[in-house]
Amino acid sequence: MNTPQNLLILIITLLLCLSPCLSEADQPDAKKNVLFVIVDDLRPVLGSYGDPIAETPAMDRLAKSSMRFDNAYCQVAMCGPSRASLISGLRPTTTGYVKHGKSLNHYIPDDYTTLPKQFTHSGYITKPIGKIHHNHSGDSRPGDWTEAWYNGQVNNALSPYRVYADPANIEKNKTTRGELIEIKDADDSQYGTYALAEDAINSIQLYEKDARPFFIALGFYRPHVPWIAPQHYYDLYNTEEKNRLIDQTYLTKPNGKPFDAKTELPKGVGIYADNYMNQKQYEGTPEGGCDGLDMEGARHWIRAYYASVSLVDAQLGRVIDYLEANDLMKETIIVVTSDHGYHLADHGNIWAKQTAFRDAARIPLLIHAPELTHQHSATDAPVELIDIYPTLVDLAGIEPPAQPNGLRLEGKSLRPLLEQPNAPWKEAAFHIWLSPVGSKYYLESSMTTRRYRYSEAWTVNGKGNDIMGSFGVDASDPDLYLEDAPYNRELYDHWEDPKEHRNLIHNLSNAPENAALNSLVDAYHHTLNKHHGWKAYHLNFDL
């Protein structure tokens, strides 16, 4: 006989039987996994960003289920300080880590909670693979990660993490440097890039059996020099059509003349740092460095850069394939980005990244957030690398940490943009560049909106110990600046001049049609010098 009591027992029994069928991802409090991917020296040369040259099918496939950020910028175009800013969530001008030198631990308090430490404290398995910090042993600290670090760069022909595939280059790299470019008829598995992806796949396979979610940081060393890749990736770019596109995109000047190895800076720009700082360390660089390049030599460099990108793309594709095959995409937040951009014969013949120009600071940024990002979504809102820390904490449902010494995360969660690409958002991104020229230092601070970049470079005191060594030195400190006016000023319209060839500051007048641009300059001074808006602008650095 069916009584209400019997019916209640039946319902409870059925619920108990069905509950194990619910996956962990279906539980309301289940935390998402995180795969954070950072690719060294990657400007937005991806098909999903509209690059007509790039062959990047894996990242383009990921972009379809991700938000693409078209105006994403680093805080400084140099590996160490950029990565430190990302990991700490603090601007380089707050920590003082603006150039290579001492490690991140020198600049932040011992009890500061970094991005990986926050996930470790929140019950995640956390593992770094490859290049996450610029100097892992110096920038990481006990307790940041639960798992051991895998370097991914070993000068040993028998190591899967070797830099080169050619044994001769492996031997050279032990004492000096190998070739700038190594293109070899070899399988992908002969490269350290392959081994890094293999580590990531094996780690995911292991951790998916664990009750804890994982936070895996996967750092690819390429396309940082040396540019190395199997021949079959280089061949993708050595075709008549690709060479035509390379010439059109990189090796044709604004006046229509071809590449001639001459650097041509915009009017009024007097500094941009060493234009081939990385390349000159390697064998195979022409006599005179990039100044000795001819047209075919420049094409070869660009083809090799793109080939390295395609090698990385293929290996990242293997990781994504594993996530898809094992139904983990819906349980995993994925971020793909870079530490900064890269110059490829920009402004006539600038290479590497050590400048304040847009191509050095602009980065790709893709975020796949299950149940949040929409297919083929994109935004032109200005965002920054320091936004990644608060974004991942937010998406993972983790409370932001309370930091010591009055410090706080200086970025902003990107969740509003992930939910709605046109959501109200901050008006600008900020980045700096410190250029040593002779015995002087020039600090260039840039403010980039959806359309414009305005910057000023000031001569700063590089010798006074009174302005170094403590937190929170005011940017308006009279002992800091050595001149009463900026060394140079720059203003570019990215809608009309995305490669920043025309410095508009010299044409700026008080005419009514210039009211908006003059307001931009006023906002820059109000923001950076008076500590409104961007409240974390401080200077404190070792030179």
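This is a predicted model: local features need pLDDT of at least 70, side-chain atom pairs count only at pLDDT 80 or more; totals for chains, interfaces and linings use all residues.
Residues are numbered from 1 along each chain as its sequence is written, and side-chain values use heavy atoms, with hydrogens and water left out.

A nonpolar core is here a set of buried Ala, Val, Leu, Ile, Met, Phe, Trp, Tyr and Cys residues joined through side-chain atoms within 4.5 Å, where buried means under 20% relative accessible area, exposed over 50%, and partly exposed in between, with a 1.4 Å probe and protein chains only. The largest such core has 74 residues, and those with the most contacts inside it are Leu218, Trp227, Tyr305, Tyr306 and Trp351. Helix 11 gives the most to this core, with 15 residues; helices (H or I, at least four residues) and strands (E, at least two) are DSSP runs numbered from the N terminus. Apart from this core lies another, of 52 residues, among them Ala77, Leu372, Leu407 and Leu414.

Rings of Phe, Tyr and Trp (its six-membered ring) pair if their centres lie within 6.5 Å, and planes under 30 degrees apart count as stacked, over 60 as edge-to-face and the rest as tilted. The whole structure holds 13 aromatic pairs. In one of them, the rings of tryptophan 301 and tryptophan 351 have centres 4.8 Å apart and planes at 75 degrees, so the pair is edge-to-face. This pair links distant parts of the chain, with tryptophan 301 in helix 11 and tryptophan 351 in strand 9 (residues 350-352), 50 residues apart. Both tryptophan 301 and tryptophan 351 are buried, and they belong to one aromatic cluster together with Trp227, Tyr237, Tyr250, Tyr305, Tyr306 and Tyr342.

Charged side chains form a further set of links, since a salt bridge is a side-chain nitrogen of Lys or Arg within 4 Å of a carboxyl oxygen of Asp or Glu. By this rule there are 32 salt bridges.

Within helix 11, arginine 299 and glutamate 296 are separated by about one helical turn because they are three residues apart, and their salt bridge has its closest N and O atoms at 2.9 Å. Arginine 299 counts as buried because its relative accessibility is 17%, whereas glutamate 296, at 38%, counts as partly exposed.

Aspartate 41 sits in the loop between strand 1 and helix 2 and is buried, with a relative accessible area of 0%. Its side chain is joined to that of lysine 353 by a polar contact of 3.2 Å (a pair of N or O atoms within 3.5 Å; within protein, one must be able to donate a hydrogen and the other to accept it, and residues adjacent in sequence count only if both atoms are side-chain atoms). Serine 82, placed in helix 3 (residues 79-88), is likewise buried, with a relative accessible area of 1%.
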